[in-house]
Amino acid sequence: IVKGICSFHGTNFDSLPPGFSFSGAVSLAVYNNELYAGGSQRLGPWPYIPCSANIDKWNGTSWSCVGAGGPGGTNVINAMAVYNGELYVGGNFTSMGGLPVNRIARWDGTQWKDVGGGVTGSIPQITEMTVYNGRLYVGGTFGNAGGIPAYNIARWNGTQWDSVGWG
């Protein structure tokens with residue numbers, strides 16, 4: 001039985017590992033040859049990895065924590081993308097591994113970092129992200145990115161935010 005996340009081996013689907021329950025996974029990305037999974041609840045096999053808190057990584061053999069963990073609680077990691085050699089995660093959270101952030105954070109393989117002040121608004125969250133023409137684009141429900149007006153879509157150039165039209 002496959003529960004929530006699986007691998008394909010050319011002819012068959014298998015769970016990671018068999019019996020692993022991953023019903024809360026909503027976003028995936030490959031970073032540094034490991035599969036990262038983010039979502040809406042503690043992820044991982046039972047008993048849960050203590051520092052999981054809504055994000056884990058799979059090295060091909062086992063699941064493990066990402067630093068001090070993710071946002072935890074009812075916070076959701078909706079989207080992930082690799083940009084400029086770092087893993088970016090977006091959602092509705094206000095901290096990542098204990099670091100205060102505004103709905104977006106980046107992982108350099110060792111620690112979580114802020115992304116230029118993140119996004120803010122009345123009920124802000126990031127629901128999508130992608131890399132296009134050398135920039136990271138994020139979409140969701142927000143009114144500002146890094147303190148500048150950005151109506152539900154913004155782009156990050158690695159050092160600062162920029163609005164994208166009227167969103």
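Is Arg155 buried, partly exposed or exposed, and what is its relative accessible area? Arg155 is partly exposed, with a relative accessible area of 23%, where buried means under 20%, exposed over 50% and partly exposed in between, using a 1.4 Å probe and protein chains only. This is a predicted model, in which local features need pLDDT of at least 70 and side-chain atom pairs count only at pLDDT 80 or more, while totals for chains, interfaces and linings use all residues. Residues are numbered from 1 along each chain as its sequence is written, and side-chain values use heavy atoms, with hydrogens and water left out.

**Salt bridges**
- The structure holds five salt bridges, each defined as a side-chain nitrogen of Lys or Arg within 4 Å of a carboxyl oxygen of Asp or Glu.
- Arg155 pairs in this way with Asp162, their closest N and O atoms being 2.9 Å apart, and Asp162 is partly exposed at 34% relative accessibility.
- Salt bridges that share partners join Glu86, Arg106, Asp108 and Lys113 into one network.

**Glu86 and its partners**
- Glu86 forms a salt bridge with Arg106, with 3.2 Å between the closest N and O atoms.
- Because Glu86 lies in strand S8 (residues 86–91) and Arg106 in strand S11 (residues 104–107), this pair ties together parts that are 20 residues apart in sequence; strands are DSSP runs (E, at least two residues), numbered from the N terminus.
- Glu86 is buried, at a relative accessible area of 10%, and Arg106 also counts as buried, at 18% relative accessibility.
- Glu86 meets Lys113 in a further salt bridge (3.7 Å, N to O), and this pair links distant parts of the chain, 27 residues apart, with Lys113 in strand S12 (residues 112–114) and Glu86 in strand S8.
- Lys113 is partly exposed, with a relative accessible area of 26%.

Methods. Helices (H or I, at least four residues) and strands (E, at least two) are DSSP runs, numbered from the N terminus.
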